[in-house]
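Take a look at it first, and then we'll go through some of its parts.

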Amino acid sequence: MKISRTAAELKTEEQWRYIPAPGHWDEAFRPSGFPRHAWRELAVAIRRMGVKELGRRWDVGRQLIETNGVTYNVYGDPQGKERPWHLDPIPLVIDAAEWQHIERSIAQRATLLNAMLADLYGAQRLIHDRHLPAAILFSNPGFLRPCMGIVPPDGVHLHLYAADLARSRDGTWWVISDRTQNPSGVGYALENRLVSARTLPSVFNQCQVRPLVGFLEKRRRALQMLGAHQSPNPRVVVMTPGPNNETYFEHSFLAHHWGFPLVEGADLTVRDNLVFLKTLAGLERVHVILRRTDDTFCDPLEFRGDSLLGVPGLTQAVRSGNVAMANALGSGLLETAAHMGFLPGLCRQLLGEKLHMPSVATWWCGHLDARRYVVEHLEDLVIKPAHSRPGQNPEFPAAMSADQREALIRRIEASPEDFVAQEQVDLSTAPTHTESGLAPRHVVVRVFASWDGHGYAVMPGGLTRVSTVATSLVVSMQMGGGSKDTWILSSPDHTEVLPAAPSPESAPADPSDLPSRVADNLFWLGRYSERVEAGVRLVRALLPSLSSEEDFGRTASLETTVQIMGALGYLPEEFPEMSIGQQRFSIEHLLSSMVYDPARSSGIGWNLNNIRRVAWPLKERFSQDTWRVLQQLETELSTSAPVHREYRLVAQMNLLDRVIVTLSAFAGLLMENSTRGHGWHFLQIGKRLERSLQTTEFLQATFGDPPFDLDPAMQTILQIADSSITYRTRYFTTLRPEYVLDLLVSDKANPRSLVFQLEALLGHLKKLPGYSESTEMPLPEFLAAAALKKVTETSIAELSARDRDGNMPELEDFVRRLKGDLYDISDALTALHFSHLTSVRFAPVF
Amino acid sequence: MRYQVIHITTYRYDQPVAQCLSEVHLAPRSLPRQRVLETILEIVPQPAVMERRVDYYGNEIASFSIFKRHDRFTVTATSLIEVAATPPEISSRITWEETRAHLTLHPDEESLAAYEFAFDSPFVAASPELAAYGAASFRPGVPLVEAVIDLSHRIHADFSYKPKSTSIDIPLHEVLKLRRGVCQDFAHLMIGVLRSYHLAARYISGYLRSGAKILGAEASHAWVSVFIPGHGWLDLDPTNDVLPSEGHVTVAWGRDYGDVTPVKGISLGGAGQTVDVDVRVVPITGLPVPNNSASELLI
């Protein structure tokens, strides 16, 4: 069959041509242009697929990433903070034989580094016997003196270790950095796998790519084992610094995957040297902490003086052997390039073996000979801080002026032990999908080893990171690089032993496990989202009063607006003295700022910011859709006010109509997509409580200081309370205060009435934990029941009675008391369930 | 000379505090020139847990937690101590350059242990500015003892003592610029200069016998110790420009204030706090000595 090609296809073909960059090892192709053995099937499959099809699949992959909410936070980005994870559609392939070498080398290196940690926090033979210069240890800010002498369970400091590997032009693999503290990437690697297996299913199966899930299951078991000597059913938690951390997605992903609670430092407390999780049901003992918090942020009592992120007293709990940490406190000590040059010797000394994989050539300047070499060969080297300190970047003497080089040498001479020099690492390239077709990009492969109880198991895969531009040797997720899935091919004789599914004892978590902090945030999320809605409804009901058009179709008059806004306390003190024109302008400005000015306190934008503030730490509890809707709300409300006045009113009305719909979507997603656990009850309690409060406010504004003609105000409140239609269908007649009050106060069927809110509130309060244990009714429930009773027993006829001056004293009294009751319920709830305690440091200063 | 030292630290909170965890360095060390007869630690309200351990530097730490609601807590450490009137050993002629070379080689265990104190610590890091300030004292070929005594003279002369003028948050380079501070600033400053010359210096937390012209006696005091190969550690008090002897009671040492903070901790809740520190060092004469001090150590 002859295939004729169109010009467009030929152009595609042209784009499709992959030309490896000269002078680098290319992972996929030999210099001759033929694919390497391991890449053959993939190369054939992709060529057959064509650029269009690959592009289409890539779109599917990107959608998957977005749906799964895979993100990476970028530090110092004021906007949005997180951005979608970048995954290249073409994986990196490593064949079985080569992988065997990597596997063996990484397991060896993990064993070696663990032995070094055990020695340096123990007998320090390596220092005393001069296998490692004392200055390397003493100058390392990661050497945490309070950890000295702490022996972790089974002597294992390093539970998860990661190494970044690079391949030089002769095809040799080198370790370019070690991650010993809380290595990130396992979760991203798994996510990459889920996407690549779905976008390239047939070739994935054909290649017999080794699966990753077994490694994660092994790791889950190893974490549970870590607490085995303390409890037959140890509780493991994943401790995160919080949603602002760059790899927060991974923290929540792994916690979710393993079924371990994700906690922040404030969720834990230490008593009697035992660690507990603060939950709604009380304190629950914690035996193992997988921490994603850096060493010095783990315990503000013994470590960092300026951070309160961690758990005070944690170090002492570890010292007492009551909690196991993975990785052990202090293991950040080896996250330094300074020791790299000593590893071959240390490996012989500690393991009696030759180091299987070399590190990138590294000279630690604290050594006189090394320093001389560095000064002589400065231009061929990269100078780095020996111990990673924030804000210190690699320096490239080759690109410096003679003066700059002199200055650098002076800095090195002043504190030589703080500098290392490394050979410029040559990174291999791999074909990467770019806008202009396939192009070579530099890659670094992060591989992982995990302690499995007997030795280190290496994950059969990795996280491959890709440079953004062809010429760059900088590969960093912080700097916007991408990633690739990493396919390890099975050897013909290899059979994958997949671990059995999780045993039944790791049953779904008890709902009372909900950390108190989370319950608190959900409560406020309910309150703020109701406040935003009330604000939007208020402004939308009042805006038409500014219009000169008679037939605007809405009813508020300017007088009504003044009455309501005045009663709600929005009007400036000098308002009554203003001229009519000024008053009009003032109202207009007020309503506009409530919509467009996020800095206006209790405006719509302001409350929306509060929603984001309380929702952000709950990120992993909401679906991606919920976040998208929240994002849409923010986008809608971040438009600026149109300049032209008449148009402004119309635009504002349209905007508010849209916002109401989006808000309903947000509320709907929150309600419909949450399991009916305690968290959901707290969200509902917040919502019901706030809606009751808003309703009392509006009742007060309408009837508090009633003018002769109540009709416009009543029409407005019905509209705000979304009850106009109900009113009309029920009463047909003209507006009467007793009917309006009946509908908004005591109508059990109206989802906007006070009775409805209080009944719902009481129902949710009854579902909260810890109540059955005490015979006494808890205070919030008691107060809510009393408030409900009061409202049900109130006579609407009495409420709507006017005295001689036309005032409604019964109603005023009723509303004032009810508001007080509602605040009391909120306070009682806070006192009972939420720990509002923040840590305060003390140390005498004189 | 025998002393009774009473060190009272009181924290008061605007609102009651639900719990508090604390770590204190209040038990004086036993040294060749200093005998500790007893130390009693009293905490009000009564802590739920109290433990003692020896820290990395050999100091005794007591750590405790209070879970009762409280709006103030008081730590009172009372010690009975005998300090010998040993004249400071200043006969060494080893130059500072030789000392630096000796530390780099650290041929014995003693100098290896001392070497650690030549490196930066959280509060005290070497810098070109500190080296420049020290240059007048560290002229080539000058014996170390001479250089450090001169440095102590100069700090005493150049800087003014201003109680409550600084807090521990003020970085060293600010102190160098402002030319004023309190004992811990001067100690940090001197250590910083020594470290800028790659010499080993440690921070001593302790007490001072009260006297008319003595600064820093009503609070806890701080001074410096410098390592002299072949002789050990020489104490210097730059705040008073003296070589500590009978009048200085050593409590603990470390790399800087952060290693040996007398009372530190974390409280949960309690927004506003005030602290009062009261230290009395009372010479005792003619009182009976407890005959077996070791068994009566209480803490």
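Predicted model: local features only at pLDDT ≥ 70, side-chain atom pairs only at ≥ 80, totals over all residues.

## A sheet in chain B

Let's start with one pair of residues: B:Val36 has B:Ile81, in S6(B), as its bridge partner. S3(B) and strand S6 (residues 70-83) of chain B run antiparallel and are joined by ten bridges. They belong to an open sheet of four strands in chain B, ordered S3-S6-S1-S14, with antiparallel pairing. At its edges sit strand S3 (34-44) and strand S14 (273-284) of chain B, each pairing on one side only. From one strand to the next, the twist averages 10 degrees.

A few words on terms. Strands count as paired if DSSP finds at least two bridges between them. Helices (H or I, at least four residues) and strands (E, at least two) are DSSP runs, numbered from the N terminus.

Residues are numbered from 1 along each chain as its sequence is written, and chains are lettered from A and ligands numbered from 1 in the order in which they are written.

The model scores ipTM 0.91 and pTM 0.82. Chain B has a mean pLDDT of 88 (pLDDT is the predictor's confidence in each residue, from 0 to 100), and 89% of its residues reach 70 or more. Residues 289-299 of chain B have pLDDT below 50, and this stretch has 19 contacts in the model beyond near neighbours in sequence. A contact means that two C-beta atoms, placed from the backbone, lie within 7 Å.

## Chain B overall

Chain B has seven helices and 14 strands. Taking contacts in chain B between residues at least 6 apart in sequence, 75% join residues at least 24 apart.

## Spots in chain A

A:Tyr188 lies in helix H6 (residues 186-199) of chain A. Is A:Tyr188 buried or exposed? A:Tyr188 is buried, because 23 other C-beta atoms lie within 10 Å. Leaving aside neighbours within four places in sequence, its contacts are A:Trp85, A:Glu250, A:Leu463 and A:Ser483.

Elsewhere in chain A, a hairpin links S9(A) to S10(A) through two residues. Five bridges join strand S9 (residues 274-279) to strand S10 (residues 282-286) of chain A, running antiparallel, and A:Phe276 has A:Arg285 as its bridge partner in S10(A).

## The nonpolar cores

The largest nonpolar core has 206 residues, and those with the most contacts inside it are A:Leu165, A:Val447, B:Met190, B:Val224 and B:Val226. Helix H3 (residues 96-120) of chain A gives this core its largest share, nine residues. A second, separate core has 83 residues, including A:Leu522 and A:Val629. Such a core is a set of buried Ala, Val, Leu, Ile, Met, Phe, Trp, Tyr and Cys residues joined through C-beta atoms within 7 Å.

Not counting residues up to four places away in sequence, B:Val224 touches several residues, among them B:Ala187, B:Met190, B:Tyr203 and B:Pro238.

Notes: Axes fitted to C-alpha atoms, helices over the stretch in contact; angles between N-to-C directions. Buried ≥ 20, exposed ≤ 12 C-beta atoms within 10 Å, placed from the backbone.
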